Amino acid sequence: MNTASPKDASFQDADKIRQQYERLPYPHKPIEEHPSKKDQNLNAFFTHSVATPYYLRHQALVDTEQAVILDAGCGSGYKALYLAIANPGAKVVGIDLSPESIRWARQRFEHHQLDNCEFHVASLEDVPALGLSFDYINCDEMLYLLPDPAAGLQTMKSVLRPDGIIRANLHSLIQRERFFRAQTLFRMMGLLDDDPGDLEISVVQETMAALKDQVDIKANTWNPQCEEDSLETSEYILMNLLLQGDRGYTIPQMFSMLRAADLEFISMVIWGNWELTALFKEADDLPAVWAMSLPDLSAEEQLRIYELLNPHNRLLDFWCGHSGGPSPKASPATWSAVDWQGAHVYLHPLLKTAAIRQQVEDCIRSGKPFAFHEHIPISAFGSVNVDSQVMAVLLPLWDDGQPFTTLVERFQTLYPKDPVSLEPTTPQTAFTFVETWVTKLEVFLYLLVEKPASEKS
């Protein structure tokens, strides 16, 4: 057993990381596998759609035609495929240290006949040499492998357009603590000295099989299926227990990196997974000390408290942009009647498909509710069923964005009389009805609502 401590056990050099991904390009998805045919919902597209964070940042709908997207650490190109599909008309540029991974990525895009893309064998520090600027940078599952993540963020910022957005993530130090302990153990055994291969994987399997099931490392990092020899087993062990360069971080460290790079936090990518009030039995009846203090806490403080109370998120997965950007998105629930009069309402672009429109029409004709959450459950964390009366008002959104006042007029046309009193529907009744439902659905980003340009802060 090798007990000598390496010069810096916190990370390995880039060449070792490259070798690991050369042997097993990640993710190891078949070239022919198409995300839109595999996925049961639009969750992954929702988090890869530029429209989602752009709205959170700018409270406006973005046109991805001619946008340029960087996929930093693209691996075998599977997530680049999500980016291409979720952002029609955008050019996708992928970079990765591994020539073998880039070969996979190019073959993947050729197979799916997507030509608005290019892939380069390059490190993140090489990106400025490409001579491109980007509207969106996807740095997924890579930042925590860098010896200096803040420097990586600074490099991405240097090629980010003024209203551009970066998506990046770090491994959670608290949630992933047992994996870091396992890596330390296997490093002591010499299994991470060089590029881990079949021999090192078999040693991990034998060790775990020999341990009692209640031993902490085995109970919390191991799956009995990993004792079988398969590609999935090798991928799991190499990406977790034998992952070169893996390190963990906390929320304060994440924000410290953003400040060092002069970047501004926008939102966690799956923001519902970080909702602090959701940890309490009664979110509307918090203990007095919490009810009084929570509204005054910064985003960083709230996320830190969540991390300490319930560290179940493997990734600190966030969106950020240039500092000094627009004010945080104002909830339409706080808008004035004047704001609403000039507002424009859009459907999230991912929902604007012929198949979903047909479902909406079927619900309207049958009088059944439409289940938004079945298409994008990730932002709802529960059921979002909308009755056919509301969907009849919103149907024109499947054609194009609509002025808020047009939806109000449509309500009055569809429902000219109160169903109980038979009195004529007043403009105020129609206004309140549409405002209420648009506000409810905007919370989940199923609907995107723009203020008039003169009213935007």
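This is a predicted model: local features need pLDDT of at least 70, side-chain atom pairs count only at pLDDT 80 or more; totals for chains, interfaces and linings use all residues.

Residues are numbered from 1 along each chain as its sequence is written, and side-chain values use heavy atoms, with hydrogens and water left out.

Q: How many helices and strands are there in the protein chain?
A: Helices (H or I, at least four residues) and strands (E, at least two) are taken as DSSP runs and numbered from the N terminus. On that basis the protein chain has 19 helices and 13 strands.

Q: What percentage of the residues in the protein chain is buried?
A: Buried means under 20% relative accessible area, exposed over 50%, and partly exposed in between (1.4 Å probe, protein chains only). Of the 457 residues, the buried share is 49%.

Q: What share of the contacts with a separation of 6 or more comes from residues 24 or more positions apart?
A: A contact here means heavy atoms within 4.5 Å. Among contacts with a separation of 6 or more in the protein chain, residues 24 or more positions apart account for 76%.

Q: Which strands and helix do the buried residues of H14 pack against?
A: H14 covers residues 299-309, and its buried residues are Leu303, Tyr306 and Glu307. They line one face of the helix, because they fall within an arc of 100° seen down the axis, the arc being that of the directions from the helix axis to the C-beta atoms. Packed against them are strand E6 (248-249), helix H12 (251-260), strand E7 (263-268) and strand E8 (315-322).

Q: Where around H12 do its buried residues sit?
A: The buried ones are Ile251, Met254, Phe255, Met257 and Leu258. They cover an arc of only 155° around the axis, so they sit on the same side of H12.

Q: What covers the buried residues of H12?
A: Part of the cover is strand: E5 (160-172), E6, E7 and E8 are included. The helices included are H14 and H7 (149-158).

Q: Is glutamine 66 buried or exposed?
A: Glutamine 66 sits in the loop between helix H4 (51-58) and strand E1 (68-72). Although not a glycine, glutamine 66 has a positive phi of about 75°. Its relative accessibility is 61%, so glutamine 66 counts as exposed.

Q: And glutamate 141, buried or exposed?
A: Glutamate 141 is in the loop between strand E4 (134-139) and H7. It isn't a glycine, yet it has a positive phi of about 60°. With 14% relative accessibility, glutamate 141 counts as buried.

Q: Which residues does isoleucine 364 touch, not counting those up to four places away in sequence?
A: Isoleucine 364 is placed in helix H16 (residues 354-366). At 25% relative accessibility, it counts as partly exposed. Leaving out residues up to four places away in sequence, isoleucine 364 touches Ser388, Met391, Ala392 and Leu395.
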